[in-house]
Amino acid sequence: QVQLVESGGGLVQAGGSLRLSCAASGRTFSNCAMGWFRQAPGKEREFVAAISRSGGSAVYADFVKGRFTISRDNAKNTVYLQMNSLKPEDTAVYYCAAKGVRYYETVYKNQHESDYWGQGTQVTVSS
């Protein structure tokens, strides 16, 4: 079992930055690929970024490439999402998710493959 708790959301002006954190409890964090997803009002939840068990591989949605960076610290059981150059369209609830994987460099983008979810953290970007 892995429990995930997100933090770091808030209100920021367009062009600003936020860093989201996702703290995991449980013994199997290092066996999980991790992902960030988001859901804006009236829209379906969508993929944002994902990172492998080792942290050596990462993938991003096209709309965040060059602006967001995902990272993880396995010693602290935490995954991060650094968000720069925020836009009003980035406003959403951001969710951390985990998937147990066998290989160190596996990443995933399909939210339906997630085994565990956090409760979400609100990010609001004002224009």
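**Cysteines, strand pairing and backbone in the predicted model**

Cys-32 counts as buried because its relative accessibility is 2%, and this value, like the others below, is taken from a predicted model. The sulfur of Cys-32 lies 9.7 Å from the closest cysteine sulfur, that of Cys-96, which is too far for a bond, since a disulfide requires the two sulfur atoms to be within 2.5 Å.

Cys-96 is instead joined to Cys-22, and the sulfur atoms of these two residues are 2.1 Å apart. The count for the structure comes to one disulfide. In general terms, such a link is a covalent bond between the sulfur atoms of two cysteines.

Strand S4 (residues 32-39) is mostly covered, with seven of its eight residues buried. On one side of the pairing pattern, S4 runs antiparallel to S9 over eight bridges, and within this arrangement Trp-36 stands opposite Cys-96 of S9. S4 also pairs in the antiparallel sense with strand S5 (residues 46-51), here over five bridges, and Met-34 is placed opposite Ile-51 in S5. The strands S4 and S5 form a hairpin in which six residues lie between them, and Gly-42, located in the turn, has a positive phi of about 75°.

Most residues other than glycine have a negative phi. Asn-77, although not a glycine, has a positive phi of about 55°, and this residue is found in the loop between strand S7 (68-73) and strand S8 (78-83). With a relative accessibility of 21%, Asn-77 counts as partly exposed, because the buried class ends under 20%. Ser-85, likewise not a glycine, has a positive phi of about 50° and lies in the loop between S8 and S9. The relative accessible area of Ser-85 is 41%, so this residue is partly exposed.

How values were computed
Residues numbered from 1 in each chain as written. Predicted model: local features only at pLDDT ≥ 70, side-chain atom pairs only at ≥ 80, totals over all residues. Heavy atoms only, no water. Buried < 20%, exposed > 50% of the residue type's maximum accessible area, 1.4 Å probe, protein only. Helix = DSSP H or I, 4+ residues; strand = E, 2+ residues; numbered from the N terminus. Pairing = 2+ DSSP bridges.
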